[in-house]
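Subject: Structure handover

Hello,

Here is the structure I promised to pass on.

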Amino acid sequence: MELVLASGSPRRFELLQLLDRPFRVVHPDIIEQQQTHERPLDYVERLAREKAEAGAQLCASEGLTNAAVIGADTVVVCADQVLEKPHDEADFKQMMRLLSGRAHQAITAVALHHNGATNSKVVSTTVYFKHLNAAEITAYWQSGEPKDKAGGYGIQGRAGKFVTHIEGSYLAVVGLPLYETEQLIVQVEAAVAKDNYER
């Protein structure tokens with residue numbers, strides 16, 4: 001069984017390395033668009049599963065048929081609005097004004113596809129922001145950090161100074177909850193070991 005990360009995210013790449021398991025990376029092309037009436041939890045889980053399954057198809061096309069493929073996705077939800085990566089500066093500033101001085105949820109789903117089956121887990125963390133002024137928001141945008149991040153911020157970077165506290169998994173906010181990811185891998189390993197034993 002070969003472990004594969006279906007993601008172009010450098011943050012997820014760095015986090016998965018912490019599990020001390022060799023893996024390779026593929027880059028599936030998935031349309032990330034919330035469907036009408038789709039709950040944020042269902043949306044982020046669907047995307048994670050689609051990324052894992054699309055990654056598995058890429059692996060199969062390369063002759064890698066025994067891959068365990070990890071997909072993940074993160075969204076930020078505040079005031080019943082799903083905040084993904086900002087389209088431009090105006091979109092980013094609107095996000096920051098919404099997040100300022102209040103709590104929001106950073107929701108990450110991780111999925112693992114192996115041997116035709118996909119299992120997934122969803123982790124929701126509550127993040128509290130301090131009140132942000134216009135100068136702070138502008139300076140953060142100009143740093144370049146927010147442009148590729150869900151909700152327009154990276155908790156592990158410059159935006160860490162905006163966060164007063166969190167309730168839940170810090171690593172899930174960064175983009176990959178390691179405990180849940182490890183559990184999905186262990187489950188597949190156990191199933192493979194059982195199958196090999198029964199043979």
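Start with M96. Beyond its neighbours within four places in sequence, M96 contacts F129, L132, I137, G151, G152 and Y153. Bear in mind that this is a predicted model.

M96 belongs to the largest nonpolar core, which has 38 residues. I70, M96, L99, F129 and Y153 touch the most other members there. A separate second core has 12 residues, among them V44, A48, I107 and A109.

Next, salt bridges. The count is 13. R11 pairs with D148, with the closest N and O atoms 3.6 Å apart. R11 sits in helix α1 and D148 in the loop between α4 (134-142) and β7 (163-167), so this pair ties together parts 137 residues apart in sequence. R11 is buried, at 16% relative accessible area. D148 is partly exposed, at 34%. R11, D148 and K149 form a salt-bridge network.

R24 and E62 also meet in a salt bridge, at 2.6 Å from N to O. R24 is in strand β2 (residues 23-26), and E62 is in the loop between α2 (40-61) and β3, 38 residues away.

Finally, R158 bridges to E145 at 3.8 Å. R158 is partly exposed at 48% relative accessibility, whereas E145 is buried at 13%.

Best wishes

Methods: Residues are numbered from 1 along each chain as its sequence is written. This is a predicted model: local features need pLDDT of at least 70, side-chain atom pairs count only at pLDDT 80 or more; totals for chains, interfaces and linings use all residues. Side-chain values use heavy atoms; hydrogens and water are left out. A nonpolar core is a set of buried Ala, Val, Leu, Ile, Met, Phe, Trp, Tyr and Cys residues joined through side-chain atoms within 4.5 Å. Buried means under 20% relative accessible area, exposed over 50%, partly exposed in between (1.4 Å probe, protein chains only). Contact means heavy atoms within 4.5 Å. A salt bridge is a side-chain nitrogen of Lys or Arg within 4 Å of a carboxyl oxygen of Asp or Glu. Helices (H or I, at least four residues) and strands (E, at least two) are DSSP runs, numbered from the N terminus.
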